[in-house]
Amino acid sequence: MNKLLKTVLANSWIEFAARWILGITFIYASYDKILAPADFAKIIYGYELFPHDFINLIAIILPFIELISGLALILGIYPRSAVLIINGMLLAFIIVLSVNLIRGHEFECGCFSVKKAGYLSSAEPMLIRDIIYLILGVQVFLFSGVRKGCLGRLS
Amino acid sequence: MDNKKLIKKITLMLAVSVGLALIVNYFSPVGIALIGQWDKSQGVITAKAKNDVIVGKLEIEDVKTAKQIYDIGKSLFVDARSRENYEDGHIPGAVSLPLGQFDELINAFIDKHSLDQPIVTYCSGRTCEDSHNLAQLLLDFGFNDVKVFIDGLPGWEAEDYPIE
């Protein structure tokens, strides 16, 4: 088992695939939020976990952290730093989803716009998805070989 | 790789993200205020657009006032929620004009009602902005007496007022 783990961690194709999957996912995830920050802010409010004064700032800034770190992963610019940021976000998402799952918190505003934003999808699949992403992210972080398709010396 | 370098690069990337985010938000037509209105006791929650359309003056602050306006009988109550929600229960006499179908329904609405008709919009209470957006759209179309009943149907129900 230990040997298998080592092989997986050292496989540059897995690293390459994981980096691209995470990169594309985070760029894609940032897109809707950048186009509709007000809707995203309302979703953040719906979690009822954040101080009111920070909700808008999170809604403005988080999508750009997703975009920049996603781009950095795909282009291979500071990939280790980028994946650490992404792992941090995934960990935060996992904690937020778990907290609300455990306390059985549901927020349904019945508004057209928020429904459109897909808020009503349930937390469990999102949680499982984020855990899989985090496993990919850990592989990218721990990989110590030569990374494929990275931008020259910057990598 | 030493940790200092890693932290430096992370800081750089975060700084670029924050800078870019604030610049884009500043110039974007869909940009929002840096601090929103998320206190339900202060009215409807909203991220607040920079060019905020939500006019506080239009708001009917409490359910009893809304009921008085309703009892006078001159105002048309307009339900901004989806048609299904409307059919599940609405304020008696209210007409349905879902915000999401505004474009297709507004012409028929204008044919039926004069621009001087006093209107009160509502949706599902203080977590819902749709009634504000609907009010703004109606004002844009020339209706000159539009108010927003911010407690909406949940507030109405809580006072045991009739629903049909």
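This is a predicted model: local features need pLDDT of at least 70, side-chain atom pairs count only at pLDDT 80 or more; totals for chains, interfaces and linings use all residues.
Me: Where is Asp130(A) found in chain A?

Reply: Asp130(A) belongs to helix H7 of chain A, residues 123-142; helices (H or I, at least four residues) and strands (E, at least two) are DSSP runs, numbered from the N terminus.

Me: And what is Asp130(A) in contact with, leaving aside neighbours within four places in sequence?

Reply: With those neighbours set aside, Asp130(A) is in contact with Leu90(A), Phe93(A), Ile94(A) and Leu97(A), where contact means heavy atoms within 4.5 Å.

Me: Stepping back, how many helices and strands does chain A have?

Reply: Chain A has seven helices and zero strands, and buried residues make up 45% of its 155 residues. Of the contacts in chain A with a separation of 6 or more, 79% come from residues 24 or more positions apart.

Me: What about salt bridges, how many are there over all chains?

Reply: The count over all chains is ten, taking a salt bridge as a side-chain nitrogen of Lys or Arg within 4 Å of a carboxyl oxygen of Asp or Glu. In one of them, Glu15(A) pairs with Arg147(A), and the closest N and O atoms are 2.6 Å apart. That pair links distant parts of the chain, with Glu15(A) in helix H2 (residues 12-35) and Arg147(A) in the segment after H7, 132 residues apart. Both Glu15(A) and Arg147(A) are buried.

Me: Which residue does Lys33(A) meet in a salt bridge?

Reply: Lys33(A) meets Glu66(A), at 3.0 Å from N to O. Here too distant parts of the chain are linked, since Lys33(A) sits in H2 and Glu66(A) in helix H4 (residues 52-75), 33 residues apart. Lys33(A) and Glu66(A) are both buried. As for networks, salt bridges that share partners join Glu15(A), Arg19(A) and Arg147(A) into one.

Me: How do H2(A) and H7(A) cross?

Reply: Their axes, which are lines fitted to C-alpha atoms over the stretch in contact, with angles from 0 to 180 degrees between N-to-C directions, come within 9 Å and cross at roughly 130°. That makes H2(A) oblique to H7(A), given that angles under 35 degrees count as roughly parallel, over 145 as roughly antiparallel, 65 to 115 as roughly perpendicular and the rest as oblique.

Me: Changing topic, is Val146(A) buried or exposed?

Reply: Val146(A) counts as exposed because its relative accessibility is 76%. Val146(A) lies in the segment after H7 of chain A, and although Val146(A) and Glu15(A) are 131 residues apart in sequence, their C-alpha atoms are 9.8 Å apart in space.

Notes:
Residues are numbered from 1 along each chain as its sequence is written. Chains are lettered from A and ligands numbered from 1 in the order in which they are written. Side-chain values use heavy atoms; hydrogens and water are left out. Buried means under 20% relative accessible area, exposed over 50%, partly exposed in between (1.4 Å probe, protein chains only).
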